[in-house]
Amino acid sequence: MPMSSSESATALKRTVIIAIFAAVAVVLSLIEAQIPLSGMGLVPGAKLGLANIMILTCIYFLRGRDAFLLVILKTLLTAFLLGTFSSLLFSLFGSLFSFVVMFVLMLISGKGKSISLIGISIAGGIAHNIGQLLAASMVFSSLSIFYYLPMLLITGVVTGIAVGYAVRYLVASLSKISLFEEFLD
């Protein structure tokens, strides 16, 4: 059955938003890759999670499948530009864990009403780190990698707070743009 013109317009808007968010997420990942966090005494492989700004914003405005598509696009494009197979695996596990946790919390909270966007972001940051540790434990066939967990939990909380604040301001700003009006309900 063909889509009505309003359904077609909404589908086109979703596609445009996902494409823009994917491009911004990849650029944020490229910028983040240039920041040497391990040189600052943090756990090797720790990152700021700047691309999660776009993932959580997408979860806020669009459907779960749209955000899932964004996660896959961001992960694949970033891995092709920056990484290797193992970095793809780590990023994919972390991104999928983070996505699932943030999506479920967004559903439970009613778009950040009972659980703030900052709280959802913190949970996503922690889930991302746990997902990456699970991938590393599979690659290295060892659970000893989990000795990084306490430091990564702290990192996840700190970066989750920063990302959450950014998302809070981005959502407020985007909500004023007509392109996003129909996705506010």
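Trainee: Which residues does Ser121 touch, not counting residues up to four places away in sequence?

Mentor: This is a predicted model, where local features need pLDDT of at least 70, side-chain atom pairs count only at pLDDT 80 or more, and totals for chains, interfaces and linings use all residues. Residues are numbered from 1 along each chain as its sequence is written, and side-chain values use heavy atoms, with hydrogens and water left out. Contact means heavy atoms within 4.5 Å. On that basis Ser121 touches Leu56, Met102, Gly160, Val163 and Gly164.

Trainee: Is Ser121 buried or exposed?

Mentor: Buried means under 20% relative accessible area, exposed over 50%, and partly exposed in between, with a 1.4 Å probe and protein chains only. Ser121 has 4% relative accessibility, so Ser121 counts as buried.

Trainee: Which backbone oxygen does the side chain of Ser121 reach?

Mentor: A polar contact is a pair of N or O atoms within 3.5 Å; within protein, one must be able to donate a hydrogen and the other to accept it, and residues adjacent in sequence count only if both atoms are side-chain atoms. At 2.7 Å, the side chain of Ser121 reaches the backbone oxygen of Gly160.

Trainee: What covers the buried residues of H6?

Mentor: Helices are DSSP runs (H or I, at least four residues), numbered from the N terminus. The buried residues in H6 include Gly160, Val163, Gly164 and Val167. Val167 touches Asn52, Ile53, Leu56, Thr57 and Leu117, leaving out residues up to four places away in sequence. The cover over the buried residues of H6 includes H1, H2, H5 and helix H7 (178-181).

Notes:
Helices (H or I, at least four residues) and strands (E, at least two) are DSSP runs, numbered from the N terminus.
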